[in-house]
Amino acid sequence: MDLALAPETLARWQFGITTVYHFLFVPLTISLAALTAGLQTAWVRTENEKYLRATKFWGKLFLINIAMGVVTGIVQEFQFGMNWSDYSRFVGDVFGAPLAFEALIAFFFESTFIGLWIFGWDKLPKKIHLACIWMVSIGTILSAYFILAANSWMQHPVGYRINKEKGRAELTDFLAVLTQNTALSQVFHTLSAAFLTGGAFMVGIAAFHLYRKKHIPVMKTSLRLGLVTVVIAGLLTAVSGDVLGKVMFKQQPMKMAAAEALWDGQAPAPFSVFAYGDVEEGHNKVAIEIPGLLSFLANDDFSSRVPGINDVNKAEQEKFGPGDYRPNIPVAYWGFRWMIGFGMASFAIGLAGLWLTRKKFLLPQHLRVGEDEVPHVVLFRNKALGPKLTRIYWLAAIWTLGFPLIANSWGWIFTEMGRQPWAVYGVLQTRDAVSPGVSQGEVLTSMLVFTALYAVLAVVEVKLLAKYVKAGPPELTEADLTPPTKIGGDSRDADKPMAFSY
Amino acid sequence: MELHDVWFVLIAVLWTGYFFLEGFDFGVGILTKLLARDRPERRVLINTIGPVWDGNEVWLLTAGGATFAAFPEWYATLFSGFYLPLLLILICLIVRGVAFEYRAKRSEEHWQRNWETAIFWTSLLPAFLWGVAFGNIVGGVKIDRNFEYVGDVWDLLNPYALLGGLVTLTLFTFHGAVFTALKTVGDIRERARKLALKVGVVTAAVALVFLLWTQIDSGDAKSLVALVVAVAALVAALVANQAGREGWSFAFSGVTIVAAVAMLFLTLFPNVMPSTLNADWSLTVTNASSSPYTLKIMTWCAGVATPLVLLYQGWTYWVFRKRIGTQHIAEPAH
């Protein structure tokens with residue numbers, strides 16, 4: 001059979017497409033839930049109407065986004081069984097538990113309270129309604145935790161034994177699965193990156209409105225919140241990335257050697273800035289390197305030895321038998337760089353923005369602006385930037401919206417493809433994980449159907465987002481400002497229209 | 001009763017919860033074409049399930065996840081074996097969810113009409129296909145010694161399974177009509193009751209044949225009890241519907257679903273997926289289940305989480321307890 005269309009290859013493509021697509025929505029859902037909850041908390045505490053308008057505006061975008069996250073998540077729950085039945089048989093005893101926990105604890109939470117939040121504006125007292133969005137936020141974070149614990153087990157299996165008689169892995173220590181350092185650092189890294197994504201989304205859209213001098217009070221608040229989120233989350237993403245990297249250097253040296261296109265072990269090992277390799281020959285043709293940095297990233301020591309691709313391949317051959325244990329090197333190498341590059345670009349734009357649009361700090365009186373004015377873009381003490389540079393900053397801020405999405409996608413492509421040929425590192429190879437009973441035609445059908453459907457939905461979703469972004473924050477109505485005092489709504493008028501309906 | 005038996009019961013409970021809850025919201029989706037006369041009425045229907053459909057659907061995800069964790073072999077065989085029908089169900093659930101959320105987000109006529117059409121078909125197809133799937137699970141399929149499904153997609157479309165599909169389709173439509181009568185006010189409420197009678201009679205006929213077929217094929221005394229309860233409850237639901245006791249009618253149509261699912265699982269036990277090729281190759285609660293340690297952890301989790309879920313989901317229904325009619329549907333601001 002043509003290898004390019006082998007069921008295993010197709011199943012991998014389908015998993016890659018559906019998962020990367022799903023993960024476009026996940027980080028936005030996680031962060032926008034919390035940010036919207038924060039804005040609504042500000043409304044409830046201060047009764048300043050701009051916070052309620054901001055809540056409604058970002059809440060709407062959040063809902064358009066989460067709808068896609070939820071429906072594409074259904075596929076994730078089932079395709080292990082559909083396309084990876086041998087994987088499911090082998091690891092279900094271990095891997096199934098966090099998935100079931102996720103559904104029982106997190107999914108119910110999220111889906112129930114989101115319904116209450118969407119329809120609850122005129123049915124729930126203010127504070128209870130606010131609690132609902134916080135519940136949704138907690139649900140999204142719990143969900144991330146369980147699924148990342150499951151994924152971490154594939155990266156670094158712990159707390160299990162192999163039952164030879166049944167031919168499967170069996171759980172022996174669930175706590176180890178939930179609390180191993182791989183899981184904790186992956187959760188830390190993914191959540192920080194999620195907030196970087198949501199922050200950048202907010203910055204981009206707020207910048208879009210401020211650049212056009214529209215909806216200034218609400219968008220100024222949003223810009224500020226977005227910028228602070230980007231800077232804090234960006235910093236945490238870098239720190240957690242370093243932590244996760246060190247864990248990976250120990251647990252999956254092959255992945256990290258591939259990430260650096262480091263063919264042969266070196267002490268001290270350099271960090272590669274640019275490389276063009278010859279995979280067949282096992283070395284790089286062109287390379288630009290920073291001496292010693294890789295040793296530091298791996299071991300906190302500028303002169304330590306870092307094993308190379310060829311070393312690890314040989315070691316794994318000795319351990320697991322003959323075979324090629326190298327992942328796709330260019331994908332790992334460039335995926336790693338694009339992840340860091342786009343993520344940190346977004347962080348840099350956020351950091352710059354926080355300084356350039358500062359309210360009062362080191363800002364002379366004449367450059368400070370009122371509540372209804374767009375902030376000046378000020379680099380040095382006494383003078384705002386010229387119109388051209390100002391324009392460039394706002395455009396950069398708008399474009400940063402997409403950067404973390406690209407970084408997230410490459411992060412997952414890197415971490416999953418960097419683990420190949422393993423599905424569960426050192427335990428089960430991907431080629432042994434696929435469903436033997438599902439035919440080439442079936443996988444091809446599903447892959448094409450999912451891809452086509454997702455493409456159409458992407459167009460629908462982006463257009464809808466654009467429409468609501470352009471519309472800006474809604475004007476408040478009488479009903480918005482007089483929330484009910486009783487659960488189920490005050491029965492002032494039995495025929496009053498609902499505040500929100502589908 | 002060993003832990004894998006407990007989990008067999010819990011999986012049955014999860015599917016029951018799913019069919020009870022999403023059963024009526026599939027039904028409501030189908031009624032958007034069968035009952036509603038115009039857009040405001042369609043919107044009334046959609047909004048009766050608006051706040052809850054998503055939570056209802058999680059019962060399916062949980063049934064899937066719990067099967068993966070408690071019976072990995074069952075999960076693997078079922079989902080890889082029923083590949084194409086499952087694909088169709090997934091496509092429907094994806095489009096359906098988006099349809100609910102996006103329909104009202106634009107005011108253009110064609111946009112709203114298209115999503116409404118989508119809601120109808122993506123409610124109807126899964127309502128039918130889940131019955132087909134369960135018909136095949138209970139009736140047995142071609143499973144080889146490695147627990148692999150070796151039949152093709154046409155084998156799944158056998159008369160017994162197709163009849164099962166008709167049962168879920170009609171039963172969910174009935175359940176949805178009864179739910180609509182309970183949750184709406186005005187003209188649509190009266191018409192929902194009239195429609196419920198018609199659909200209910202058809203449901204009773206189809207369900208009786210299917211359940212008797214199941215009983216004769218593989219039933220025992222316990223399953224016979226469940227059968228009798230299911231049929232009696234359906235009759236009671238019809239009577240209550242005629243008497244205008246909508247709450248009772250809904251409760252009884254719910255009991256019908258519970259008893260019918262219970263009957264299927266009772267005839268299944270101790271198998272989880274019988275093989276028609278060789279009885280030794282059937283997946284059972286013992287050979288398909290996870291290790292006792294995993295089941296123990298899962299039992300703790302389910303024991304704590306499930307009552308909480310029932311509590312806050314129940315609370316949601318109470319929050320949105322008011323009936324709605326066309327007067328409650330405002331034109332959304334665009």
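In chain A of this predicted model, residues 24 or more positions apart account for 75% of the contacts with a separation of 6 or more. For chain B, 79% of the contacts between residues at least 6 apart in sequence join residues at least 24 apart. The predictor gives the complex an ipTM of 0.93 and a pTM of 0.94, and the mean pLDDT of chain B is 95, with 99% of its residues reaching 70 or more.

**Chain A**

- The secondary structure of chain A consists of 15 helices and six strands, and its radius of gyration of 25 Å is close to the 23 Å that the globule rule gives for 502 residues, so chain A is as compact as a globular protein of that length.

**Chain B**

- Chain B comprises eleven helices and two strands, and their order along the sequence is α-α-α-α-α-α-α-α-α-α-β-β-α, with the two strands placed between the run of helices and the helix that ends the pattern.
- A compact globule of 334 residues would have a radius of gyration near 20 Å, and the 20 Å of chain B agrees with that expectation.
- The C-alpha trace of chain B spans about 60 × 40 × 40 Å along its principal axes, and 59% of the 334 residues in chain B count as buried.

**The contact between the chains**

- Chain B contributes 65 residues to the contact and chain A contributes 62 residues.
- On the side of chain B that touches chain A, at least two residues each are supplied by α2 (39-49), α3 (53-70), α4 (72-81), α5 (83-102) and α11 (292-319) of chain B, and the largest share, 13 residues, comes from α5(B).
- By residue class, this side of chain B divides into 40 nonpolar, 16 polar and nine charged residues.

**The largest nonpolar core**

- In soluble globular proteins, nonpolar side chains tend to be buried together.
- The largest nonpolar core of the model has 272 residues, and those with the most contacts inside it are A100(A) and M263(B).
- Helix α3 of chain A, residues 85-119, gives the most to this core, with 22 residues.
- Leaving aside residues up to four places away in sequence, A100(A) touches G65(B), A66(B), F68(B), A69(B) and M298(B).

**A buried position in chain B**

- L171(B) lies in helix α7 of chain B, which covers residues 159-183, and L171(B) is buried because 30 other C-beta atoms lie within 10 Å, where the cut-off for a buried residue is 20 or more.
- When residues up to four places away in sequence are not counted, L171(B) touches T203(B), A207(B), T256(B) and I257(B).

Conventions
Residues are numbered from 1 along each chain as its sequence is written. Chains are lettered from A and ligands numbered from 1 in the order in which they are written. This is a predicted model: local features need pLDDT of at least 70, side-chain atom pairs count only at pLDDT 80 or more; totals for chains, interfaces and linings use all residues. Two residues are in contact if their C-beta atoms, placed from the backbone, lie within 7 Å. Helices (H or I, at least four residues) and strands (E, at least two) are DSSP runs, numbered from the N terminus. Ala, Val, Leu, Ile, Met, Phe, Trp, Tyr, Cys and Pro count as nonpolar, Asp, Glu, Lys and Arg as charged, and the others, Gly among them, as polar. The radius of gyration is taken over C-alpha atoms; the globule rule is 2.2 Å times the number of residues to the power 0.38. A residue is buried if 20 or more other C-beta atoms lie within 10 Å of its own, exposed if 12 or fewer, and partly exposed in between; C-beta atoms are placed from the backbone. A nonpolar core is a set of buried Ala, Val, Leu, Ile, Met, Phe, Trp, Tyr and Cys residues joined through C-beta atoms within 7 Å. pLDDT is the predictor's confidence in each residue, from 0 to 100.
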